[in-house]
Amino acid sequence: MTQREIDTVRKMATLARLAIGDEEAAAIGAQFAHILEHFEVLAKLPIEGVEPTTSGPALSNVLRDDLPQPSLAPDAVLADAPQRIDDFYGVPKTVGGEE
């Protein structure tokens with residue numbers, strides 16, 4: 001386990017707002033490194049000429065026409081909002097710290 005892997009785990013935990021200890025960071029770092037090894041193996045596979053599985057006659061996207069429709073009334077949309085500020089949802093701040 002390298003310090004870089006542990007630092008990466010700590011950064012991800014901070015972004016996810018998770019509190020983890022040193023032992024957890026080391027364990028998660030080892031699991032994360034193992035997962036990345038699998039991606040390295042996949043990256044080495046020869047894929048030239050392989051068609052993506054998201055296209056072709058067997059698979060296709062089902063799209064509808066994007067047509068304008070009447071909007072819902074703000075009272076109907078915000079009826080179950082945990083907090084309402086005028087005609088908007090009120091949510092806790094998630095970016096930029098505790099300010």
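Modeller: Let us begin with helix α1, residues 3–15, which has 13 residues and reaches 18 Å from its first C-alpha to its last, close to the 18 Å expected at 1.5 Å a residue. Please keep in mind that this is a predicted model.

Biologist: Where does this helix stand in the protein chain as a whole?

Modeller: The protein chain contains three helices and two strands. Along the sequence they follow the pattern α-α-α-β-β.

Biologist: Which residues of α1 are buried?

Modeller: They are Ile6, Val9 and Ala13. Buried means a relative accessible area under 20%. Across the protein chain of 99 residues, 10% count as buried.

Biologist: How do you know that the buried residues of α1 line one face of the helix?

Modeller: Viewed down the axis of α1, the buried residues fall within an arc of 60°, so they line one face. In general, an α-helix has 3.6 residues a turn, so residues three or four places apart point the same way.

Biologist: What does the face of α1 turned away from the buried side carry?

Modeller: That face carries the exposed residues Gln3, Arg4, Lys11, Thr14 and Leu15.

Biologist: What makes the pair Arg10 and Asp22 a salt bridge?

Modeller: The side chains of Arg10 and Asp22 meet at 2.4 Å, N to O. The cut-off is 4 Å, between a side-chain nitrogen of Lys or Arg and a carboxyl oxygen of Asp or Glu, and therefore the pair qualifies. This pair links distant parts of the chain, for Arg10 is in helix α1 and Asp22 in helix α2, 12 residues apart.

Biologist: Why is Asp22 called exposed, and why is Arg10 called partly exposed?

Modeller: Asp22 has a relative accessible area of 60%, and exposed means over 50%, so the label applies. Arg10 stands at 29% relative accessibility and therefore counts as partly exposed.

Biologist: How many salt bridges does the structure hold?

Modeller: The structure holds three salt bridges. One of them joins Arg84 to Asp75, with the closest N and O atoms 3.0 Å apart. The side chains of Asp87 and Arg84 also meet in a salt bridge, at 3.0 Å, N to O.

Biologist: What do Asp75, Arg84 and Asp87 form when taken together?

Modeller: Asp75, Arg84 and Asp87 are linked in a network of salt bridges. Asp75 and Asp87 are 12 residues apart in sequence and 8.0 Å apart in space, C-alpha to C-alpha. Asp75 itself lies in helix α3, residues 74–77.

Biologist: Which residues make the nonpolar surface patch?

Modeller: The patch is made by Ile35, Leu36, Phe39, Leu42, Leu45, Ile47 and Val50, and its area is about 700 Å². Among them, Leu42 has its place in helix α2, residues 22–43.

Conventions: Residues numbered from 1 in each chain as written. Predicted model: local features only at pLDDT ≥ 70, side-chain atom pairs only at ≥ 80, totals over all residues. Heavy atoms only, no water. Helix = DSSP H or I, 4+ residues; strand = E, 2+ residues; numbered from the N terminus. Patch = residues over 30% accessible without salt bridge, like charges linked within 9 Å, V, L, I, M, F, W, Y side chains within 5 Å. Areas by Shrake-Rupley, 256 points an atom, 1.4 Å probe, with all protein chains shown as cover. Expected span 1.5 Å × (residues − 1). Buried < 20%, exposed > 50% of the residue type's maximum accessible area, 1.4 Å probe, protein only. Arc of directions from axis to C-beta.
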